[in-house]
Amino acid sequence: MAELDQHEGEQDLEKKIEETRQRFKNEFLQDSTEKYDSRDVERLQKDDALVEGYLTWRLHVVDEALKMIDESFQWRKEFGVNDLSENSIPKWMFETGAVYLHGYDKEGNKLFWFKVKLHIKDAKTILDKKKYVAFWLERYAKKEPGMPLTVVFDMSESGLSNIDMDFVNYVINCFKVYYPKFLSKMIIVDMPWIMNAAWRIVKSWLGPEAISKLKFASKAEVQTFIDPEYLPPYLGGTDPFKYSYPPLPDDDFQTPICDNGPIVSEDEIESKDSEMEGKDTLESSFNSEIAVKPKKVNFLEESVRGDDNDKGDTSVRTKGPRKPVTTFKGLLLDVSPAEELSFGSGEMEKKSLIILSNVTKNQVAFKVRTTAPEKYRVKPSSSWCEPGATVDIVVSLHGGQVSPQDRFLIMAAEMDSVVSQELTQFWKEVPKTKIMEHRLRCHVLESVKPTLSPLRDSPVDTGSSRQQEVNTLLLQMMTCNSRLEQKLNTCLWVQKVLIGLVLVLVVLNLLCLYLLGTS
């Protein structure tokens, strides 16, 4: 019944997505096409997740979703969001460190920091500041599409001169209208009491959809939402991170340890440069609809065989990683799964599979990086994929606990020809604009205790069942033994009777002979 309801819900959503697209085309594009960026209109017609985001935020009311799309697309055209880059933002804004992305909350959501004390109200720079925020949001939307953010307003050492209500209202609108479903929560940290009145106004701006996402926390309470490893020391944390520019702060992706023969040497050489390369900020290509039927290049069988042949391995063999069911369609590679790698505590859940499919007509080099290289082994971590082929990458958990904050970065670039020894040099020389990036987060599977059958699966019941079978056999043997004993006794009695009869016959014969002799 639940599956039927879910199926009907999916069909209803598909209908509303199609209705939204059709009505937007008929009601909003007929009058004028100049008020929107054609790239946004094209995305709306192709990206179901984009339309679903607007519908979900407006409780699946198509009229409200259309108004939201109209307002959002006009804003994107006005601010030139699709063309925003570091060069279009004044350098001094990046240097202040007033706004940046860094770290994760306890639920694995990226943290979007606003250092309020570094913000000074200035009408001359307000437009650039708004574009600055849009730059960060668009950059994140491209790198991790559909993934929510946790906004942290760090109000330590701030005062009334740092509060710009117009700017705050703009930030809230970014999540209410321009980037639906992006807001996980908004944490106001260490707010001075004098600003209570201002934030009451902010709560009214949030509206019913987001009011529950607003959290106020003191320095002592902020660890309820964020672990100390992603909090600065002045907030009671242990994060040594200090903002500096350039480059832009990013996840510290490093080369994982690989047990894949010749790839090890390549990675060992490359790891010397991993600290610098891990900070490179490369724009991610996404939502390409190219599809090519692939051939199969399977590294998985080799991996499983290698694991099974390990010396001294007396453990029970486990099944390989499950095949992913979702796919991210990129310009160079299709990546499965689309968003997350799943790991659990059981032996069968300590491996996860990444499938890369080359959708180009050229060889594509790829490499995999992670924010937790000490936990994971990747095979292969760096190689290439032939045109139309696929590559299976096995990610194994080898130490520590899986965390929602763990991330994997897949980098890919086209190349004319490739030799294993040339990969390191290739990655050093390839232009950043030619590299496709895709990020995967880690998902922790809930440990499920197996349900045991009361008759067959329970160890205790199985033991008692076997004991009962043994007892039954013993009883049967004893019964047979008793019957045999009875038959034996009967035979012995018959034997005695027969012996007695024989003796009687002998006596009678002797008596007859005696009588004949005397006559």
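Helices here are runs of at least four residues assigned by DSSP and numbered from the N terminus, and the angle between two of them is taken between their N-to-C directions. With that in hand, welcome to this structure, which is a predicted model.

Let us begin with the overall picture. The protein holds 13 helices and 16 strands. Its chain runs to 519 residues, and 44% of them count as buried. Among contacts in the protein with a separation of 6 or more, 76% are between residues 24 or more positions apart.

Now turn to a pair of helices. Two packed helices are described by the angle between their axes and the distance between the axes. Helix H2 spans residues 38–46 and helix H4 spans residues 62–79; they pack at an angle of about 145°, and their axes are 9 Å apart. On the H2 side, the residues that meet H4 are Asp 40, Val 41 and Leu 44, while H4 brings Ile 69, Phe 73 and Arg 76. Sorted by class, this contact has four nonpolar residues, two charged ones and no polar ones.

Stay with helix H4 for a moment, as Ala 65 has its place there. Is Ala 65 buried or exposed? Its relative accessible area is 0%, so Ala 65 is buried, the cut-off being under 20%. Leaving aside residues up to four places away in sequence, Ala 65 touches Tyr 54, Leu 55 and Arg 58. Ala 65 and Phe 24 are 41 residues apart along the chain, and their C-alpha atoms are separated by 9.9 Å.

Phe 24 leads us to the aromatic rings. The count of aromatic pairs comes to 24. In one of them, the rings of Phe 24 and Phe 28 have centres 5.5 Å apart and planes at 20°, so this pair is stacked. Phe 24 counts as buried at 0% relative accessibility, and Phe 28 is buried too, with a relative accessible area of 15%. Another pair, Tyr 179 with Phe 182, is tilted: the distance is 5.5 Å centre to centre, with 50° between the planes. Tyr 179 counts as buried at 4% relative accessibility, as does Phe 182 at 7%. Tyr 179 and Phe 182 also belong to a cluster linked by ring pairs, together with Trp 75, Phe 79, Tyr 140, Tyr 170 and Tyr 178.

Next comes helix H6, residues 126–143. From its first C-alpha to its last, H6 reaches 26 Å over 18 residues, close to the 26 Å expected at 1.5 Å a residue. Why is H6 described as largely enclosed by the rest of the structure? The reason is that 14 of its 18 residues are buried.

Not counting residues up to four places away in sequence, Pro 232 touches Trp 113, Gly 237 and Asp 239.

Finally, a look at the cysteines. How many disulfides does a search of the whole structure find? It finds zero. Cys 385 counts as buried at 1% relative accessibility, and Cys 442 counts as buried at 3%.

How values were computed. Residues numbered from 1 in each chain as written. Predicted model: local features only at pLDDT ≥ 70, side-chain atom pairs only at ≥ 80, totals over all residues. Heavy atoms only, no water. Axes fitted to C-alpha atoms, helices over the stretch in contact; angles between N-to-C directions. Helix = DSSP H or I, 4+ residues; strand = E, 2+ residues; numbered from the N terminus. Contact = heavy atoms within 4.5 Å. Nonpolar A, V, L, I, M, F, W, Y, C, P; charged D, E, K, R; others polar. Expected span 1.5 Å × (residues − 1). Buried < 20%, exposed > 50% of the residue type's maximum accessible area, 1.4 Å probe, protein only. Phe/Tyr/Trp six-rings, centres within 6.5 Å; stacked < 30°, edge-to-face > 60°. Disulfide = S-S within 2.5 Å.
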